[in-house]
Amino acid sequence: MAFDIDMIRGVYSSMAERVDAARNVVGKPLTLAEKILYSHLWDGNADKAFVRGKDYVDFAPDRIACQDATAQMALLQFMQAGKSKVAVPTTVHCDHLIQAKSGAAVDLKSANTTSAEVFNFLESVSNKYGIGFWKPGAGIIHQVVLENYAFPGGMMIGTDSHTVNAGGLGMLAIGVGGADAVDVMAGMAWELKFPKLIGIKLIGTISGWTAPKDVILKVAEILTAKGGTGAIVEYFGSGALSLSCTGKGTICNMGAEIGATTSTFGYDDSMERYLRATDRADIADAANEVKEYLTGDAEVYENPEKYFDEVIEINLSELTPLLNGPFTPDLSTKVGADMTEKATKNEWPLVVEWGLIGSCTNSSYEDLSRASSIAQQAIDKGIKMKAELGINPGSEQVRFTADRDGILEVFENLNAKIFTNACGPCIGQWARYSDPKNAPKNSIVHSFNRNFAKRADGNPNTHAFVASPEITAAIAIAGRLDFNPMTDKLINEKGEEVMFDEPTGWELPPKGFEVEDAGYLAPGEDGSGVIVKVAEDSERLQLLVPFAPIKDESLMGVKLLIKAFGKCTTDHISMAGPWLRFRGHLDNISNNCLIGAVNAFGHKTNFVKNQLTGDFGGVPDTARAYKAAGIKTIVVGDHNYGEGSSREHAAMEPRHLGVAAVLVKSFARIHETNLKKQGMLGLTFSNEADYDLIKEDDTFNFIDISEFAPGKQLTIEVVHADGSKDVIAVNHTYNDAQIEWYKEGSALNVIKKENAS
């Protein structure tokens, strides 16, 4: 039986009325995304049509999911909200703080020792506030959500950008910062700018070596890393119906890599099969009662150009396997000869040292079974493994079932390492090197979603390429980046030429899923007696002190902290990997603030000028010096600033260190919201060329900040070291409520004020 079945039935009971009301107000057929959005309005039935990409709208999500790295800060904030229990079903999943090194048993034991303080904190807070808790080793948050909580037509938010994975089960699942989650936990509305809509029509059928992963790798090539910003991607067409539910999840998962708000598919037979296979026949039965409301209207899919802002068509029958990378998830190359040419030209290492299969993107039973079919062929054909291979099952249920069915044994027979049911290398939790910064240039292939520099192993020289699990397995066995399993032969241990056959696998386990201990702990009915302790001398946890409002007068004489050059993701602003251990301690983790950003002056990382002394030093130290002197600072950046993870630390750290404003050419959606939530100014150049005016010794005067209002440009006087000045106009997207967050110091301060009144 499903979790929270009464809540789900409640959503379905009102869906027809709400969707019909919305269709009447909008005056046209509706996409699936619109049906879910309009059926989750905070105020109930729609009484107006919202303008895509313009109107801010209040929504009522059905549930929340948090992973352990971001849950710490989210729950530390919720503890200040003055509430005794979360207002909507919420779960915490311990999956990020487990380092991959020796193998599942050893690594999990180590994590339970080194991170015991954090796990105990999260378990106790969950128990106190009515939150479901998934223990370390239970699985990766998004796979666990897909197996247990996702449902067609629902809306959820999660403190991880890959929350969007649940779109594989027909949800609108959206990654947010912890402050957004706290709003909803506290019983408040969740605000989102009404998204634009991108329709992707899939025709044909994938076959052979092509996998669902290749669909999203192709979409990333077409739309690039920022092409989906501010939009929901909705997949439809005969090709969509041919994909498995977990395959759909893979496609939705990597929608985060094109900047999309989320991605989704309409409810179909594959979703019903998955629901029933994961012991949720009650949801399938309820969904079937409102089936027509759980997909886009027929007219929309027949004439998509009339109803979507952009339409892309992909013929799955013509799609071939792709490798995306290195250093960005949107650089696509066809496997084989195209890679030979491109890698040679760009001096990418052709020898592959590791293949990694798993993460929230590709860790389902289907993924493991198809990859294992390639591994079994290597054994049967006498092919010696050339690279090392690592496997991260998506959940304990997947691991137990795959182990029962002999799938894991196949990998083990190739000396693969079976890591814990956790994120591991995907989010930098991989103890591959003792000294990653000075590690050699090399290539790896993985089925993860992100491949930014230093992302997996901390080595800036690791060239990481994203591929499907089956292509990852084949390339790891061959040991060459340009290996094409469809055409290339290998020499086996007998000296014979052999080729791989096409991969095979199972959409769902033939004998059904099975698990002995899924790793779930339900909260007590009454958590009032639970004491949550945080040691004053803890290096990993720190109770929060509310941010003070930024005063208008402090925005005169603002100093440049750093002018970031090129790509500046949340990994550059607040690195993961070893820094994950400080995710619950704001002051300690602030020591990684912007240390990965490339300074436009000198093109070095973590090396900026302190205008007070003329000396150069690390970004955090320089920021602390300005803060000690009572001087606010500003960060300047390029396009799509804050791309990547939902981590609000990338906003809270600069705020803690005295940064008042971030001025860029454009923002990634989640990061812009996070800045607003923490009471900062998130601004964009009205004229992008003004970025070039900013010099290393500049001082900034916000001359009309007292007139801060929705839709009104702000004016900044940029004073150069020689006394000359440039006056530039900057834009913002703040509405009245968001300006109130700024004036009160943070959105959380507003919540506390309202709860106290």
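Trainee: What should I know before I start?
Mentor: This is a predicted model, with local features needing pLDDT of at least 70, side-chain atom pairs counting only at pLDDT 80 or more, and totals for chains, interfaces and linings using all residues. Residues are numbered from 1 along each chain as its sequence is written, and side-chain values use heavy atoms, with hydrogens and water left out.

Trainee: Which residues of helix α24 are buried?
Mentor: In α24, residues 736-744, they are Q738, I739, W741 and Y742. Buried means under 20% relative accessible area and exposed over 50%, with partly exposed in between, using a 1.4 Å probe and protein chains only. Helices (H or I, at least four residues) and strands (E, at least two) are DSSP runs, numbered from the N terminus.

Trainee: What do the buried residues of α24 pack against?
Mentor: They pack against β1, β7, α23, β27 and α25; contact here means heavy atoms within 4.5 Å.

Trainee: And what's at the start of α24?
Mentor: There, a side-chain oxygen of N735 comes within 3.2 Å of the backbone nitrogen of A737. Just after α24, G745 has a positive phi of about 105°.

Trainee: New topic: in what order do the seven strands of the barrel go?
Mentor: The order is β22-β25-β26-β27-β30-β29-β28, and the pairing is mixed. From one strand to the next, the twist averages 40°. Axes are lines fitted to C-alpha atoms, for helices over the stretch in contact, and angles run from 0 to 180 degrees between N-to-C directions.

Trainee: What about the open sheet, which strands stand at its edges?
Mentor: The sheet has four strands in the order β10-β9-β8-β11, with parallel pairing. β10 and β11 stand at the edges, each with a single partner strand, so one side of each has no neighbour in the sheet. Helix α8 lies across β8, β9 and β11, running at about 135° to β11.

Trainee: How many residues does the largest nonpolar core have?
Mentor: It has 179, and those with the most contacts inside it are Y12, L202, Y235, F411 and F500. Apart from it lies another core of 27 residues, among them I716 and Y734. A nonpolar core is a set of buried Ala, Val, Leu, Ile, Met, Phe, Trp, Tyr and Cys residues joined through side-chain atoms within 4.5 Å.

Trainee: Last one: is T333 buried or exposed?
Mentor: T333 counts as buried, at 2% relative accessibility, and lies in strand β13. Its side chain makes a polar contact with the side chain of K342 at 3.0 Å. A polar contact is a pair of N or O atoms within 3.5 Å; within protein, one must be able to donate a hydrogen and the other to accept it, and residues adjacent in sequence count only if both atoms are side-chain atoms.

Definitions and conventions
Pairing = 2+ DSSP bridges.
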